[in-house]
Amino acid sequence: MAEQKTNVMRLIDAAKLPYKAHCYLGSGAVSGMEIVQALGENPDRTFKTLVTVGRSGQHYVFVVPVNRELDLKKAAAVAKEKSIEMIKSKDLLKTTGYIHGGCSPIGMKKLFPTAVHESALSFDTILFSAGKIGFQVEMSVQDLQKMIPLTLADLVVS
């Protein structure tokens, strides 16, 4: 099978940054933990992209390990919002351009404030969605930061 490129991969290529593509097409994996198993990866190093909306109506993106849960109170504090909640599934595509299970912090329709869980710094590279179900990209947090402005913070339920 010829290597398929997602829009995220094309954006990273255009930025001339190094990354590694991972494909799990045909594995039936949908959830973060299923993807980790399909790829034989460390769940602490594999991240999911979560889109939220603050009380102000502003959207925020949080990137956390697949085996952890976003702490909405911590997320609201990072976003400087009174409260924050997960975006409704039906609003994901029109807001980000991505579908559930294929949402990447890179290449959304708009650039939303983005925070990555601080544990990402423990690894040389992390894996996250390449913007399409069946594909992940692996790159350093420092290179991800060259693609999108992001903050690092404690974002997960302890």
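Let's start with disulfides, meaning pairs of cysteine sulfur atoms within 2.5 Å: the count here is 0. Cys-23 is in none, and the nearest cysteine sulfur, that of Cys-103, sits 19 Å away. From the side of Cys-103, that 19 Å to the sulfur of Cys-23 is too far for a bond.

A word on the source. This is a predicted model, where local features need pLDDT of at least 70, side-chain atom pairs count only at pLDDT 80 or more, and totals for chains, interfaces and linings use all residues. Residues are numbered from 1 along each chain as its sequence is written, and side-chain values use heavy atoms, with hydrogens and water left out.

Now burial. Buried means under 20% relative accessible area, exposed over 50%, partly exposed in between, with a 1.4 Å probe and protein chains only. Cys-103 is buried at 6%. Cys-23 is partly exposed at 36%.

Next, the core. A nonpolar core is a set of buried Ala, Val, Leu, Ile, Met, Phe, Trp, Tyr and Cys residues joined through side-chain atoms within 4.5 Å. The largest has 28 residues. Ile-12, Phe-128, Val-137, Met-139 and Leu-144 have the most contacts inside it. A second, separate core has 13 residues, including Tyr-60 and Leu-70.

Contact means heavy atoms within 4.5 Å.

Last, Asp-143. Buried or exposed? Asp-143 is buried, at 9%. Setting aside neighbours within four places in sequence, Asp-143 contacts Leu-17 and Pro-18.
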